[in-house]
Amino acid sequence: MTDLAQLGGWLRRYVEAWRSNDPVPIRALFSEDAVHRWHPWEDGARGVDAIVAAWLEEPDDPAAWEMSCEPLAVNEDLGVARCRTRYFATADEPERIYHNIFLVRLTGDGRCSDFTEYYMKEPGKPAGG
């Protein structure tokens, strides 16, 4: 059974792995047969090798974003978290903020076997406002 503390620990490792752009901590997050869906309607990446490859295909600059997550609920091995991701404004892009719900199914050893993201981009503010 997963609890909020275990889910919170996994979420912290998730943010650290994303920021690292290093396959070792990314791999450590997921079980060998894990599934990662960036959208709930897709098949996603299947297996830890495919997940690591997908994460590193177009890595984000670690200095370009920040993320905060809050574990909300746990039912057996399924955890639900609310996260907020902010990409900082650049010369080419305005600031972007995403609100996320994560469904995280954790194994007994604390790795994720099934991960689905639900995210929405916050509407931009009008110029001058």
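**Reading a pocket and a core**

Mentor: The largest pocket has a volume of about 640 Å³. This is a predicted model, where local features need pLDDT of at least 70, side-chain atom pairs count only at pLDDT 80 or more, and totals for chains, interfaces and linings use all residues. Residues are numbered from 1 along each chain as its sequence is written, and side-chain values use heavy atoms, with hydrogens and water left out.

Trainee: What is a pocket?

Mentor: Rolling a probe the size of a water molecule over the atoms shows where empty space is left. On a 1 Å grid over the protein atoms alone, a pocket is an open set of points where a 1.4 Å probe fits, with protein on both sides within 12 Å along at least five of seven lines; lining residues have an atom within 4 Å of a point. Volume is the space filled by probe spheres set on the points, which are joined across faces, edges and corners.

Trainee: Which residues lie nearest the centre of the largest pocket?

Mentor: Trp18, Trp38, Asp60, Tyr87 and Glu117, out of 23 lining residues.

Trainee: How do I read a nonpolar core?

Mentor: As a set of buried (under 20% relative accessible area, 1.4 Å probe, protein chains only) Ala, Val, Leu, Ile, Met, Phe, Trp, Tyr and Cys residues joined through side-chain atoms within 4.5 Å. Here the largest has 27 residues, and Trp10, Tyr14, Phe30, Trp55 and Phe102 touch the most other members.

Trainee: What does Phe102 touch?

Mentor: Contact means heavy atoms within 4.5 Å. Leaving out residues up to four places away in sequence, the partners of Phe102 include Leu11, Tyr14, Met67 and Phe115. Glu117, also a partner of Phe102, is one of the residues nearest the pocket centre.

Trainee: Which residues other than glycine have a positive phi?

Mentor: Among them are Asn21, at about 50 degrees, and Glu76, near 60 degrees.

Methods. Buried means under 20% relative accessible area, exposed over 50%, partly exposed in between (1.4 Å probe, protein chains only).
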